[in-house]
Amino acid sequence: MRPAALDWSVENCTIARAMEILGERWTLVVLREVFTGVRRFDDMRVRTGIPRQVLTNRLASLVEQGLLSREPYREPGSRLRHEYRLTEKGLDLWPVLVAVLGWGDRYLADAEGPPLSVRHRDCGAEVRAELRCADGHDVSRSRDVVPSPGPGARRRTP
């Protein structure tokens, strides 16, 4: 049986476009750091072990893509430096990081448990990613979803 998905093109796929920005390992690590409040280059480098040039490149790319902004700061007696803050576009990735964290916690955590937990500030309960359709129904299994061409899909020509 021929999958219906073969009838439309994926040339303009937004998943592929997103992965061009997010697909390198260190990119999500940098975003994790900024989401957890680590915003300064030296703090990120020491905490993560990311090579200096790799971190420089990742931060520049995330700024260029509009996920982070560079904000100046100056410690007393020191030169002007920059810290990195999430933009609205960057903040919108929070559910993605929570979903990746949940998947990693389920399948990759050490025996003593995951090293990072995210909790609701108001009540302290653990936060996790959940899917709902536009009508508000929970979608808990991948088999409950039917992929279909979106408004930007292009019909494939044989």
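Leu 31 is buried, with a relative accessible area of 0%. This residue belongs to helix H2, and the structure described here is a predicted model.

- Is Leu 31 buried or exposed? Leu 31 counts as buried because its relative accessible area, 0%, falls under the 20% cut-off.
- Apart from its neighbours within four places in sequence, Leu 31 is in contact with Leu 22, Leu 62, Leu 67, Leu 68, Leu 86, Leu 93 and Leu 97.
- Leu 31 and Arg 58 stand 27 residues apart along the chain, and their C-alpha atoms are separated by 9.7 Å.

**Glu 33 in helix H2**

- Helix H2 also contains Glu 33.
- Glu 33 has 0% relative accessibility and therefore counts as buried.
- When neighbours within four places in sequence are left aside, the contacts of Glu 33 are Val 38, Met 44, Arg 47 and Thr 48.
- Two of these contacts, Met 44 and Thr 48, are among the buried residues of helix H3, whereas Arg 47 is an exposed residue of H3.

**How helices H2 and H4 meet**

- Two packed helices are described by the angle between their axes and the distance between the axes.
- The axes of H2 and H4 cross at roughly 75 degrees and come within 10 Å.
- H2 is therefore roughly perpendicular to H4, since angles from 65 to 115 degrees are placed in that class.
- Which residues form this meeting? On the H2 side they are Trp 26, Thr 27, Val 30 and Leu 31, and on the H4 side they are Val 54, Leu 55, Arg 58, Leu 59 and Leu 62.
- Sorted by class, the contact of H2 with H4 has 7 nonpolar, 1 polar and 1 charged residues.

**Ala 60 in helix H4**

- Helix H4 also includes Ala 60.
- Ala 60 is partly exposed, with a relative accessible area of 45%.
- The C-alpha atoms of Ala 60 and Trp 103 are separated by 28 Å, and the two residues are 43 residues apart along the chain.

**The two faces of helix H3**

- Helix H3 spans residues 41-48, and Phe 41, Met 44 and Thr 48 are buried in it.
- Gly 49 follows H3, and its phi is positive, near 75 degrees.

**The annotated domain**

- UniProt, in an unreviewed entry, places the feature "domain: HTH hxlR-type" at residues 13-112.
- The span of residues 13-112 is 60% helix and 12% strand, and its end C-alpha atoms lie 39 Å apart.

**Ala 109 after helix H6**

- Ala 109 is located in the segment after helix H6 (94-108).
- With a relative accessible area of 33%, Ala 109 is partly exposed.
- Not counting residues up to four places away in sequence, Ala 109 touches Gly 104 and Pro 114.
- Between Ala 109 and Leu 93 there are 22 Å from C-alpha to C-alpha, and the two are 16 residues apart in sequence.

Key
Residues are numbered from 1 along each chain as its sequence is written. This is a predicted model: local features need pLDDT of at least 70, side-chain atom pairs count only at pLDDT 80 or more; totals for chains, interfaces and linings use all residues. Side-chain values use heavy atoms; hydrogens and water are left out. Buried means under 20% relative accessible area, exposed over 50%, partly exposed in between (1.4 Å probe, protein chains only). Helices (H or I, at least four residues) and strands (E, at least two) are DSSP runs, numbered from the N terminus. UniProt positions are given in the numbering used here, feature names are shortened, and annotations may be inferred rather than shown by experiment. Contact means heavy atoms within 4.5 Å. Axes are lines fitted to C-alpha atoms, for helices over the stretch in contact, and angles run from 0 to 180 degrees between N-to-C directions. Angles under 35 degrees count as roughly parallel, over 145 as roughly antiparallel, 65 to 115 as roughly perpendicular and the rest as oblique. Ala, Val, Leu, Ile, Met, Phe, Trp, Tyr, Cys and Pro count as nonpolar, Asp, Glu, Lys and Arg as charged, and the others, Gly among them, as polar.
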